Amino acid sequence: MRLERTSRWDRWKEFFAGFPFSIWIWAILLGCIGVVFIHSATFRIEERIGMASKQAMVLMVLPLLALLLAFAKRRRILDLAWPCYLLALLALAMLLMYGTTINGARRWFRLGGLSLQPSEFVKPIMILVLARYLRFEVGGRFVKGILVPIGLTMIPMMLMVRQPDLGSALALLPVTFAMAYVGGARGVSLVSLALMGFLCFVVLFPSLHDYQKERIVVWLDQWLTIDRSMDLGAGYHLHQSQIAVGSGGIFGDGLFQGMQSRFDYLPYRSTDFLFSVIAEETGFVGSTIVILLYSGFCLWIFRLGSTIRDRFGRLIAVGVGTYFLTHLWIHVGVTTGLLPTTGLPLPLLSFGRSSASAAWLALGLLGHALLQRERNLSRDRYL
């Protein structure tokens, strides 16, 4: 009897079966768009020249590193969840004592010429931890299915608020709620908790930092309280961002021709206000295309997640999709004035090696969820 030989090509196809090539290509495309607009936002400022090339180098390395995570064994990934969670909490706690303060916020560790922002890495780590906890059937049990996940999230959130980094802290909540819902929590319970959380925020409003309270007041009464005469007014970021978005019109001022960037009016335009640069230079048409591309990227993650049968992988996919979608909503909402001003980059697009690393770490988890579908004899038939 003749044994049929398997070609090398067939072996490679079998090895990569199920790998989300579409997501990798989509993410790299978004990253390339980000590099173009990072260059546009920084190439006129001497101390920021080279930021786009640094982001491009990161873009070439991180997808390859994410492959290692995607092809890791399921047991190793599960075993890493709690140690990574504890390490993240330790990093956030040490940041309050040894972190570098920039613009009144202590969010970074300085490692030579590099800056490391632990709060960015907390986001994919929380996805992993919650997926590990919720992977077993918990149904609609209030304590195990809702309170415990929220409690696990609140610990790093409180440490983030102390930095202060309210934007990153609040970005964790939609991810937690979405994963808890997929894990079996009742929607009514989650909505009730969200309303209670909003009421608590209102009650605790006086305890916020002064600049945070000023930004919220400015947002609530944008056209009456914005200080247009002082560069350091509480509404300066919002005002300059709205000028950039509005001046773009339908088709924009042209690539590399944005007035707010050229004359250095728009702050943090390579990170927290990159969408303002996109809107100013490409107008309503270009910014809409970018939003649709990013939204389609998130929805495709959810679509791929719906094909995963095991609970752990499904939870990972929902967490990763919600992570990207939440950042899109907040970033675009802040730059257009629909949400109060807070510092939150747009993963894959905005400059930031910590943000890009966290985004590709999340995509590595997604790749793992789509590749490693192992069965188990527990209550949940799949890990």
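Me: What is the pLDDT over residues 375-383?
Reply: In this predicted model, pLDDT (the predictor's confidence in each residue, from 0 to 100) stays under 50 over residues 375-383. The model has 27 contacts for this stretch beyond four places in sequence, a contact being heavy atoms within 4.5 Å.

Me: Why be careful there?
Reply: Where pLDDT is low, the predicted coordinates should not be read in detail.

Me: What is the mean pLDDT of the protein chain?
Reply: The mean is 85, and 90% of the residues reach 70 or more. Over residues 225-231, however, the pLDDT is below 50.

Me: And what are the ground rules for the values?
Reply: Residues are numbered from 1 along each chain as its sequence is written, and side-chain values use heavy atoms, without hydrogens and water. Local features need pLDDT of at least 70 and side-chain atom pairs 80 or more, while totals for chains, interfaces and linings use all residues.

Me: New topic: how many aromatic pairs are there?
Reply: A search of the whole structure finds eleven. Rings of Phe, Tyr and Trp (its six-membered ring) pair if their centres lie within 6.5 Å; planes under 30 degrees apart are stacked, over 60 edge-to-face, the rest tilted. Phe19 and Phe71 are stacked, at 5.9 Å centre to centre and 10 degrees between the planes.

Me: Is Phe19 buried or exposed?
Reply: Phe19 is buried at 8% relative accessibility, whereas Phe71 is partly exposed at 24%. Buried means under 20% relative accessible area, exposed over 50%, and partly exposed in between (1.4 Å probe, protein chains only).

Me: Which residues do ring pairs link into a cluster?
Reply: Phe19, Phe21, Trp24, Phe71 and Trp360 are linked in this way.
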